[in-house]
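Subject: Predicted model for your review

Dear colleague,

Please find below the structure that I am handing over to you. My notes on what was found in it follow directly after.

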Amino acid sequence: MTDTISMLLGGSASDPSSASSFFSNNFVFSSLVVMFIGGIVATISMAYSQLYDYMYKRFVVSLEVTNDHPSFHWLQRWIEKQSFFSDTRNVAIKEINYNEDLIAMNMDNNIVQPIEFAPASGDHYFIYKGKYIWMTKSIQNRMDREDKRTIVLRSFDSSTNNLQEIMEECRAMEIERLKSTVVVMNPQDVYWNHTTHKTKRSMHSVVLDSAMKESILTDISTFLSSKTWYVERGLPYRRGYLFHGPPGCGKSSILLALAGHFGLNLCCFSASKMDDGQLISLLQNVPPRSAVLMEDVDCIFSGRKQEDFKGISFSAFLNAIDGVGAAEGRIMFLTTNHPERLSKALIRPGRVDRTYEFGLASTFQIETLFSIFFPSASPESVKSFSSKIPTKTVSPAAIQGHLLNHRESEASAIDNVNLLFEKNDAEEEIVQAKEKVIEEEGSGAEAKKEESKDA
């Protein structure tokens, strides 16, 4: 090597003085030492990196969960419940439902809802069933939709069994939680977002005539258990229901009870706040075992003439619920106060398979509501109350409101029935006034369209 260096420096290979003078140069010698040490460091670093990668792949198992999958929320809730995170040094305020009041006070002026904390983004460590677990939480901003949240669990183990057990524990906890709640989801762009959890309502608490309630329950139960039957016959596995009737007759109340009874999520949206693309994407991405709810559908489409009314086109709406790309396994509930305003194309079989009328209170409903508020009332009192309210004259909601106002005394509830009718008449006048305004606005919109066509 010294011969080569000597020749490069212009010396002779047989002249040792050239090489010795080169190495006697402090600057050159120091540079060579630095290069030598740098090479050693680089080699060690590369060897360490390769050894680390080998050891990581050989002895560390990991499980990644993102908020694009429902299990992310299961894991998040499981983490918040674990006592071994109480001493973590990196915390954030726990995410809550916006309906929860953090400063609500009880009768003694004590705060009812305390602020709760959960592990923040970053690395956290805990021991689960004797195994050391390393957890990393991270957030990645996304411009087109909700930020991507990721939780990665790692463990020094030969298999992922321990991590899978954590997820199974999360799922079991979620199943237990959902036994008493209904998940209500609202649209966020083209995806469904978990908005809140509603306490399940018993079907017994929904006061409807027994025959209609039994018919609804039987029809939904038959549909949910008949997927194979539909597939074998080449039928679209979808079911649509139209609930119609005056306000306050139980259309919305029974929906929450049905979702709880059959373990369904409720996907609620207003088509007036989206365009065709959003509508189609949302109905194609309905989560499993979910029911889609569109209330007051007559306010969106009062007929085929208003084809571009409030954001979406009528044709896109029909294609979304019954077109070639419509989702399978979906249940849709439509509600309206005015079924006569709906297009026949919307309520034909295949789009709306069953129609149920929720009418004003029957004698059975009047007596049942009174018995719920006054369980110890005698049969005579029940009959006395129902006899003062002609059947099919007021809504069940109006009767319930009256009984709430007089819940301390059944005698007062009976003696003041006249107040129920006075309030009911006033509410009807308000409803009629609002409907008149809506009709006038619709007529004005139609007139403008006709003028633009003529122009």
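Pro187 stands opposite Trp192 in β8. The two strands concerned, β7 (residues 181–188) and β8, pair in the antiparallel sense over 8 bridges. Strands here are DSSP E runs of at least two residues, helices are H or I runs of at least four, and both are numbered from the N terminus; two strands count as paired if DSSP finds at least two bridges between them.

Please note that this is a predicted model, in which local features need pLDDT of at least 70 and side-chain atom pairs count only at pLDDT 80 or more, while totals for chains, interfaces and linings use all residues. Residues are numbered from 1 along each chain as its sequence is written, and side-chain values use heavy atoms, with hydrogens and water left out.

The seven-stranded sheet

β7 and β8 belong to an open sheet of 7 strands with mixed pairing, in the order β8-β7-β10-β11-β12-β9-β13.

Strand β9 (residues 238–244) runs parallel to β12 and pairs with it over 7 bridges; Tyr241 stands opposite Phe333. Strand β11 (residues 290–294) is also parallel to β12, joined to it by 4 bridges, and Ala291 has Ile331 as its bridge partner.

The nonpolar cores

A nonpolar core is a set of buried Ala, Val, Leu, Ile, Met, Phe, Trp, Tyr and Cys residues joined through side-chain atoms within 4.5 Å. The largest one has 30 residues, and Ile216, Phe243, Ile254, Leu258, Phe333 and Phe358 have the most contacts inside it. The elements supplying at least two residues each include α6 (210–224), α8 (251–262) and β10 (265–268). The largest share, 6 residues, comes from α8. Leu258 touches Met203, Ile216, Leu217, Ile220, Phe243 and Phe333, not counting residues up to four places away in sequence; contact means heavy atoms within 4.5 Å. A second, separate core of 27 residues includes Leu242, Phe317, Ala320 and Leu334.

The four-stranded sheet

Another open sheet has 4 strands in the order β1-β6-β5-β4, with antiparallel pairing. Its edge strands are β1 (60–66) and β4 (122–128), and the twist averages 20 degrees from one strand to the next. β4 pairs with β5 (residues 131–140) over 7 bridges, in which Ile127 has Tyr132 as its partner. Helix α4 (residues 71–81) lies across β1, β4, β5 and β6 (148–156), at about 65 degrees to β6.

Confidence

The protein chain averages a pLDDT of 80, and 77% of the residues score at least 70; pLDDT is the predictor's confidence in each residue, from 0 to 100. Values stay under 50 over residues 303–309 and over residues 445–455. Where pLDDT is low, the predicted coordinates should not be read in detail.

With kind regards

Technical notes: Axes fitted to C-alpha atoms, helices over the stretch in contact; angles between N-to-C directions. Buried < 20%, exposed > 50% of the residue type's maximum accessible area, 1.4 Å probe, protein only.
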